[in-house]
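The stops below are meant to be selected in order.

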Amino acid sequence: MSNYDVIVIGAGPAGYVSAIRAAQLNLKTAIVEKQWMGGVCLNVGCIPSKALLKNAEVAHILRKRGKEFGFSFENLNLDFSVAVKRSRRVSNRLTKGVGFLMKKNKIDVLMGEAKILARDTVGVTDESGKISEIKTKNIVIATGASAMVPAGWEIDGKRVVTYLEAILQEDLPQSVIIIGAGAIGVEFATIWHSYGSDVTIVEMLPRLLPLEDEETSKELAKSFNKQGINVLTGHRVESLEATKDSVKVKVTNSNDENTINAEQALVAIGFKPNSADLGLEDIGVSISKQGSVDIDDRMETNIPGIWAIGDVTGKLMLAHVGSAQGIVCAESIAGVETVKLNYDMMPRATYCQPQVASFGFTEDQAKERGFDVKVGRFPFQANGKALGLGESTGWVKIISDNKYGEILGAQMVGPEVTELLPELTISRMMELTAAEIARNVHAHPTLSEVLMEAAHDAEGHAIHI
């Protein structure tokens, strides 16, 4: 029987990062994974989807904007299967890299299904059914989350799919109904529509990306409608029926009822934490009604020595948040200096076309919290780099406190805005003001100048608008 300081259950971005940090702090560490090193993110989520989105960007330019850029084709052939195969190569390269990092940091990798047998004991069942019992001082739960599917909806992998089947399939659906307009929904809408699929998005709430700023949602909806993506917000799915050749989705809103037919339906309504069947209840770990594991600021549960990080905590289901939690968790276990995470100020990125990025409070949220708010804006239409790229849709909006100049949040829609987030989030962390962002000389021509211009606007002296 092996003895460890830390056993991490789950090798996704939360788990493997936590294991590495624990090993760096001289804690004897093992990680247990039942399926994929790198978890959902590296294998069937964040990474392969970005590869597909790059293909989609090229496909969109070739199909829709050739004349603008001076391209012409007699017979343009777009092979979607090649895009999927490329995404698998990208994914495989990174997952192999995670395996290398485990070896480099002398972390024992145990492939199998884990169950907590006692506060200090984990059982690991391998492919052959053999169970190994492992002793440890600390157990870190990093089991992630899985797609939420309503009762009665059957995921058959062909007509009705989740993100998992969608990201692996090499056949392009000629028509598709996407149920849910969160990040997964709008990203797959971008991919499939760019390759020529007839896409309809159905969202029960009043707008796309309902967790983002309302102005952001409106800008994205305007762009989607212009592209030809059919958007049905404020519509509830009453039934989902798959046949041999198609899928039928009955939707209702306040006025009428319609049935939509398509080749395929993607269910993208959210995720549920993977907290079941781990033995957590047996040792008394507190779990919410939604299935998330309750933790404190140090990532520890109500049971000493049992910790949880990532999507299973339900705090903010984003890979980078899980990684940050993993580092804090390892440092807390080791008893070294660490930080307290502010989930309100975490960056959020959606890679549809145009991209959406944000962090912190919206204008309304800041006002609700009693701040005297000032807002700086700048459109990409007035940015030289954006015009040169041919991607001038969208804008940047910076929210700051009028009294002290503290940056409270930002919302962005437009080209590569996900890459513009770090300047804003580090400014917030280091307590810089919009005035200081405005005074920081930005290289020209760059997209980042939009941040400078919006900061100037927040200070009341916009330069180029």
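**Before starting**

The model is predicted, so local features are given only at pLDDT of at least 70 and side-chain atom pairs only at pLDDT 80 or more, while totals for chains, interfaces and linings use all residues. Numbering starts from 1 along each chain as its sequence is written, and side-chain values use heavy atoms, with hydrogens and water left out. Helices (H or I, at least four residues) and strands (E, at least two) are DSSP runs, numbered from the N terminus.

**Stop 1: the parallel sheet**

Select β8, β15, β9, β10 and β11, in that order; these five strands form an open sheet with parallel pairing. The edges are held by β8 (160-161) and β11 (230-233), each with a single partner strand, so one side of each has no neighbour in the sheet. Pairing here requires at least two bridges found by DSSP between two strands. Now zoom in on β8 and β15 (residues 264-267): the two run parallel and are joined by two bridges. Val161 stands opposite Leu266 in β15.

Axes are lines fitted to C-alpha atoms, for helices over the stretch in contact, and angles run from 0 to 180 degrees between N-to-C directions.

**Stop 2: α3 against α5**

Select helix α3 (residues 46-64) and helix α5 (residues 80-104), whose axes come within 8 Å and cross at roughly 145 degrees. From α3, the contact (heavy atoms within 4.5 Å) is made by Ile47, Pro48, Ala51, Leu52, Lys54 and Asn55. From α5, Ala83, Val84, Arg86, Ser87, Arg88, Val90, Ser91 and Leu94 take part. Coloured by type, the residues of this contact are eight nonpolar, three polar and three charged. In that count, Ala, Val, Leu, Ile, Met, Phe, Trp, Tyr, Cys and Pro are nonpolar, Asp, Glu, Lys and Arg are charged, and the others, Gly among them, are polar.

Stay on α5 and pick Phe80, which is in this helix. Is Phe80 buried or exposed? Phe80 counts as buried, at 5% relative accessibility; buried means under 20% relative accessible area, exposed over 50%, and partly exposed in between (1.4 Å probe, protein chains only). Leaving out residues up to four places away in sequence, Phe80 touches Gln169, Glu170, Asp171, Leu172, Ile191, Trp192 and Tyr195.

**Stop 3: helix α9**

Select helix α9 (residues 319-334). Its 16 residues should span 22 Å at 1.5 Å a residue, and the end C-alpha atoms are 23 Å apart, which agrees. The expected span is 1.5 Å times one less than the number of residues. Among the buried residues of α9 are Val321, Gln325, Val328, Cys329 and Ile333. The buried residues of α9 pack against β1 (3-9), α1 (13-24), β6 (131-141) and β17 (306-308). After α9 comes Gly335, with a positive phi near 75 degrees.

**Stop 4: the antiparallel sheet**

Select β18, β19, β22, β21 and β20; in this order they make an open sheet of five strands with antiparallel pairing. At its edges stand β18 (348-350) and β20, each with a single partner strand, so one side of each is left without a neighbour in the sheet. Direction ignored, neighbouring strands of this sheet are turned by 10 degrees against each other on average.

Walk across the pairs:

- β19 (residues 355-360) and β22 pair over six bridges, and Ala357 stands opposite Met412 in β22.
- β21 and β22 are joined by six bridges, with Ile398 opposite Ala410 in β22.
- β20 and β21 are joined by seven bridges, and Ser400 in β21 is the bridge partner of Lys374.

How many residues of β22 are buried? Eight of the eight are, so β22 is largely enclosed by the rest of the structure. The hairpin of β21 and β22 has five residues between the strands, and Gly405 there takes a positive phi near 80 degrees.

**Stop 5: helix α14**

Select helix α14 (residues 449-458), in which nine of 10 residues are buried. The buried residues pack against β20 (373-379), β21 (395-401), β22 (407-414), α12 (421-429) and α13 (434-439). His456 of α14 is buried, with a relative accessible area of 12%. Neighbours within four places in sequence aside, His456 is in contact with Ala438, His461, Ala462 and Ile463. α14 is followed by Gly460, whose phi is positive, near 90 degrees.

To finish, draw a distance from Phe80 to His461: 48 Å, C-alpha to C-alpha, for residues 381 apart in sequence.
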